[in-house]
Amino acid sequence: MGDSDLLKGINLYLVGMMGAGKTTIGKILAAQLGYGFVDTDAVIEQLTQKSINQIFAEEGETTFRQIETKVLSEVCAYTRLAISTGGGIVLRRENWSYLHYGLIVWLDVPVEQLYSRLAEDNTRPLLQDPDPIGKLRSLLDERRSLYAEADLHITPHPQDTPNAIAAQVLEAIPSVLKAGVGSRE
Ligand SMILES: Nc1ncnc2c1ncn2[C@@H]1O[C@H](COP(=O)(O)OP(=O)(O)O)[C@@H](O)[C@H]1O
Ligand SMILES: O=C(O)C1=C[C@@H](OP(=O)(O)O)[C@@H](O)[C@H](O)C1
Ligand SMILES: [Mg+2]
């Protein structure tokens, strides 16, 4: 069953750290809203025909960030999408001008949990570091105040399933819509 009128067609953007569950929960939210689903990393991989690891290794993070901004600038022109972003989308000020066309949701998950989810995962180039937990901590320190610019701040409990977290997001949406989100005023 789709809750298609909840957001009145406005896009929903998930932001937050690597491993927060943006890709996983974005898919569930899209289905529940009756929206399309877009993952900016997946679009970047399709467009370049390279994995995120390959782009970082062969072209560097700056080029990745340029492509990410281009993809976001194009995706934001559509409506009725749930969009899972990459964890670093908040870094470029220009990206906020696109994100703010929609409702921005921060999935705020503790570093220990991010680490336990990603410890065996080698698809996050920024975590290919001798001290991945320290790296997660320092990235979160740099980004916390940026994530906090989101319209909605969700702090799931460690044992919450993706479905339960999606339900928390849907439940919280009406309260923030009253604040005029999506109107760019
Ligand atoms: N609520 C959750 N509980 C347990 N595992 C989760 C949860 N959300 C995501 N995961 C797992 O954590 C990993 C990272 O999730 P992902 O959706 O790719 O995060 P992100 O896109 O934010 O980096 C995946 O293996 C996913 O299955
Ligand atoms: O936090 C980051 O800077 C990044 C997060 C990744 O996406 P996820 O947040 O979906 O893991 C991906 O965009 C890239 O590896 C960089
Ligand atoms: Mg992701």
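This is a predicted model: local features need pLDDT of at least 70, side-chain atom pairs count only at pLDDT 80 or more; totals for chains, interfaces and linings use all residues.
The model contains an open sheet of five strands, arranged in the order β2-β3-β1-β4-β5 and paired in parallel fashion. Strands β2 and β5, the latter spanning 152-154, lie at the edges and have a single partner strand each, so that one side of each is left without a neighbour in the sheet. On average, and with direction ignored, neighbouring strands of this sheet are turned by 20 degrees against each other. Within the sheet, strand β1 (residues 12-15) runs parallel to strand β3 (residues 81-84), and the two are joined by three bridges; Leu 14 has Ser 84 of β3 as its bridge partner. In general, the strands of a sheet pair through backbone hydrogen bonds, in either a parallel or an antiparallel manner.

The largest nonpolar core comprises 60 residues, of which Leu 12 and Ile 173 touch the most other members. Helix α8 (residues 162-177) makes the greatest contribution to this core, supplying seven residues. When residues up to four places away in sequence are not counted, the residues touched by Leu 12 include Leu 81, Ala 82 and Ile 83, together with Leu 29, Leu 33, Val 169 and Ile 173.

Two residues were examined individually. Apart from neighbours within four places in sequence, Gly 36 is in contact with Ala 30, Arg 80, Leu 81 and Ala 82. Between Gly 36 and Glu 61, which are 25 residues apart in sequence, the C-alpha to C-alpha distance is 28 Å. Thr 23, which an unreviewed UniProt entry lists under "binding site", is found in helix α1 (residues 22-33) and is likewise partly exposed, with a relative accessible area of 34%. Leaving aside neighbours within four places in sequence, the contacts of Thr 23 are with Phe 37, Asp 39 and Ser 84, and Ser 84 is also the bridge partner of Leu 14.

Helix α4 (residues 61-75) consists of 15 residues and reaches 21 Å from its first C-alpha to its last, close to the 21 Å expected at 1.5 Å a residue. The buried residues of α4 include Phe 64, Ile 67, Val 71, Leu 72 and Val 75, as well as Arg 65, Glu 68 and Thr 69.

Key
Residues are numbered from 1 along each chain as its sequence is written. Chains are lettered from A and ligands numbered from 1 in the order in which they are written. Side-chain values use heavy atoms; hydrogens and water are left out. A nonpolar core is a set of buried Ala, Val, Leu, Ile, Met, Phe, Trp, Tyr and Cys residues joined through side-chain atoms within 4.5 Å. Buried means under 20% relative accessible area, exposed over 50%, partly exposed in between (1.4 Å probe, protein chains only). Helices (H or I, at least four residues) and strands (E, at least two) are DSSP runs, numbered from the N terminus. Contact means heavy atoms within 4.5 Å. The expected span of a helix is 1.5 Å times one less than its number of residues. UniProt positions are given in the numbering used here, feature names are shortened, and annotations may be inferred rather than shown by experiment. Two strands pair if DSSP finds at least two bridges between them. Axes are lines fitted to C-alpha atoms, for helices over the stretch in contact, and angles run from 0 to 180 degrees between N-to-C directions.
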